[in-house]
Amino acid sequence: FPTAPLVRICWLLLAGLVPGSAEPLTSIADIRMLPREQAGMALPVRVRGVVTWRNGRESMTVQDDSAGIWVSVIGARDRGIWLGNYAEVDKAREGTEIEIEGLTDPGGYAPQIFPTSLRVVGRKPLPAALRMEPGRFFSGADDCQRVEVRAVVQGFQRTSQGVALVMDANPGHF
């Protein structure tokens, strides 16, 4: 008796992704403002935004006109709810506008989306970067948002994804 299809059906039923169910959340800011307990209820979402960063097929950040959010394809796959096409994920590069259907999750730091499907809509300019305000930035309030940082580069480290800069933003070292 295969459990993966049963798990997928249970998640989708709990999330209301069946005809006649609750309307999905369509604003990233609304998803980010959910209390942790409510985000953990796997609420349905349908958002459209631009990819601002991507980690292969595993995850990405997406920003609409209201906010940015973490989208965990690997988290959705591991829970058996990813119904999408990896060819669409492969096309979703920085500056690509996408539409995501999925479920809310409380995440480790802030609410995130577990996508059930993802569709490339086209190209769109990246959202304007906000100027870094140290209090917001170092508190994590700007998580998944594009920010502009003025800082002194003090060093760098090569990583599997490129280069990580070590900077002093006065105040704040990161």
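## Before you look around

This is a predicted model, in which local features need pLDDT of at least 70 and side-chain atom pairs count only at pLDDT 80 or more, while totals for chains, interfaces and linings use all residues. Residues are numbered from 1 along each chain as its sequence is written, and side-chain values use heavy atoms, leaving out hydrogens and water.

Helices (H or I, at least four residues) and strands (E, at least two) are DSSP runs, numbered from the N terminus.

## The barrel

Start with the barrel: it is closed, has five strands in the order S1-S2-S3-S5-S4, and its pairing is mixed. From one strand to the next, the twist averages 50°. That angle uses axes that are lines fitted to C-alpha atoms (for helices, over the stretch in contact), and runs from 0 to 180 degrees between N-to-C directions. Two strands pair if DSSP finds at least two bridges between them.

S2 (residues 59-63) and S3 are antiparallel, paired over five bridges, and a hairpin of four residues joins S2 to S3. Met60 has Val71 in S3 as its bridge partner. S3 (residues 68-72) runs parallel to S5, with two bridges between them, and here Trp70 stands opposite Gln112 in S5. Four of the five residues of S3 are buried, leaving this strand mostly covered.

## Strand S4 and its neighbours

What about S4 (residues 96-105)? Eight of its ten residues are buried, so S4 is largely enclosed by the rest of the structure. On one side, S4 runs antiparallel to S1 (residues 44-55), joined by seven bridges; Gly49 stands opposite Ile98 in S4. S4 is also antiparallel to S5 (residues 112-123), this time with ten bridges, and Glu101 has Ser117 in S5 as its bridge partner.

The hairpin of S4 and S5 has six residues between the strands, and in it Gly107 takes a positive phi near 65°.

## Salt bridges

A search of the whole structure turns up eight salt bridges. To count, a side-chain nitrogen of Lys or Arg must be within 4 Å of a carboxyl oxygen of Asp or Glu. One of them pairs Arg46 with Glu101, whose closest N and O atoms are 3.3 Å apart. This pair links distant parts of the chain, with Arg46 in S1 and Glu101 in S4, 55 residues apart. Arg46 is partly exposed at 37% relative accessible area, and Glu101 is partly exposed at 27%.

Back to Lys91: its side chain meets that of Glu88 in a salt bridge of 2.7 Å, N to O. Both residues lie in helix H5 (residues 86-91), three residues apart, about one turn of the helix.

Another salt bridge joins Glu99 and Arg119, with 3.3 Å between the closest N and O atoms. Glu99 is in S4 and Arg119 in S5, so the pair ties together parts 20 residues apart in sequence. Arg48, Glu99 and Arg119 are linked in a network of salt bridges.

## Aromatic rings

How many aromatic pairs does a search of the whole structure find? The search finds two. In one of them, the ring centres of Trp82 and Tyr86 are 5.6 Å apart and the planes are at 45°, so this pair is tilted. Rings of Phe, Tyr and Trp (its six-membered ring) pair if their centres lie within 6.5 Å; planes under 30 degrees apart are stacked, over 60 edge-to-face, and the rest tilted. Trp82 is buried at 8% relative accessibility, whereas Tyr86 is partly exposed at 24%.

## A nonpolar patch

On the surface, Val153, Phe156, Val163 and Leu165 form a nonpolar patch with about 380 Å² of accessible area together. Patch residues have over 30% relative accessible area and no salt bridge; like charges are joined within 9 Å, and nonpolar side chains (Val, Leu, Ile, Met, Phe, Trp, Tyr) within 5 Å. The areas come from the Shrake-Rupley method with a 1.4 Å probe, and for residues only the protein chains shown count as cover. Strands S8 (152-159) and S9 (162-168) each supply at least two residues of the patch. Phe156, in S8, is exposed at 52% relative accessible area.

Key:
Buried < 20%, exposed > 50% of the residue type's maximum accessible area, 1.4 Å probe, protein only.
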